[in-house]
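Trainee: I am new to this structure and would like to learn how to read its features. Could you walk me through a few of them?

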Amino acid sequence: MTTALRLEKITPDNLDAALGVKVRPDQEHLVAPVVKSLAEAYVHPGVAWPRLIVDGDRTVGFLMAFFDIDFAGDGTGKDIRSGLWRLNIAAGEQGRGYGRFAVGTVAAEIRRRGGTRLTVTWEPGDDGPERFYLGLGFRLTGETSGDQTVGVLELEPGRPD
């Protein structure tokens, strides 16, 4: 990981780079491909926040956050959450801190928007990302979203990422 690590909006100029982000074959069942995420971002404007993770001139991953959704989906608006919707780190780029950077940037954006919690869901199982998220300080909520495990990270105001 270098000091040139940044997020970039998805544009016509970097769309092919975004679509080229592929996780390892043994992880494909754990996270949707970038093309599905971009389709979901298109139909959920204002909620979805898709970004490329770029290190220098290399695209190393993709993330998509969500902001202020009715997490329960019951229309009451009593359970409004923000968090990380997708995280795809390219197969050859894993283990270099890019996932940690991605979570930190989403946490900073949620905090900037006045939020105090970051929600994430993941596929359960030994080959899933649970250890990664728990290692970053997420705690299990005991909830599921569909068939996915729900975790939450409490965000301290003013805490650097």
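Mentor: Gladly! Let us begin with a term: a residue is buried under 20% relative accessible area, exposed over 50%, and partly exposed in between. Keep in mind that this is a predicted model.

Trainee: Then how does R96 count, at a relative accessible area of 42%?

Mentor: R96 has a relative accessible area of 42%, so R96 is partly exposed. Its salt-bridge partner is E93, with the closest N and O atoms 2.7 Å apart. E93 is buried, since its relative accessible area is 12%. There is also a network of salt bridges that links R58, E93 and R96.

Trainee: How many salt bridges are there by this rule?

Mentor: The idea is to look for a side-chain nitrogen of Lys or Arg within 4 Å of a carboxyl oxygen of Asp or Glu. By this rule, the count is 11 salt bridges. One of them joins E154 and R117, whose closest N and O atoms are 3.5 Å apart. That pair links distant parts of the chain, with E154 in strand β7 (residues 148-154) and R117 in strand β5 (residues 117-122), 37 residues apart. E154 is partly exposed at 41% relative accessibility, and R117 is partly exposed at 33%.

Trainee: Which residue forms a salt bridge with E109?

Mentor: That is R113, and the closest N and O atoms are 2.8 Å apart. E109 counts as buried at 12% relative accessibility, whereas R113 counts as partly exposed at 41%. R113 also lies over the face of F67, 3.7 Å from the ring centre.

Trainee: What about ring pairs: how many aromatic pairs does the rule give?

Mentor: The count is 4 aromatic pairs. Among them is W49 with F67, 5.7 Å centre to centre and with 75 degrees between the planes, an edge-to-face pair. W49 lies in strand β2 (residues 48-55) and F67 in strand β3 (residues 58-70), so the pair ties together parts that are 18 residues apart in sequence. Both W49 and F67 are buried.

Trainee: Why is the pair of F132 and Y133 edge-to-face?

Mentor: Planes over 60 degrees apart count as edge-to-face. The planes of F132 and Y133 are at 65 degrees, with ring centres 5.0 Å apart, so this pair is edge-to-face. F132 is partly exposed at 32%, while Y133 is buried at 6%. Together with W122 and F138, they form one aromatic cluster.

How values were computed. Residues are numbered from 1 along each chain as its sequence is written. This is a predicted model: local features need pLDDT of at least 70, side-chain atom pairs count only at pLDDT 80 or more; totals for chains, interfaces and linings use all residues. Side-chain values use heavy atoms; hydrogens and water are left out. Rings of Phe, Tyr and Trp (its six-membered ring) pair if their centres lie within 6.5 Å; planes under 30 degrees apart count as stacked, over 60 as edge-to-face and the rest as tilted. Helices (H or I, at least four residues) and strands (E, at least two) are DSSP runs, numbered from the N terminus. Buried means under 20% relative accessible area, exposed over 50%, partly exposed in between (1.4 Å probe, protein chains only). A charge sits over a ring if NZ of Lys or CZ of Arg is within 6 Å of the ring centre and within 35 degrees of the ring normal.
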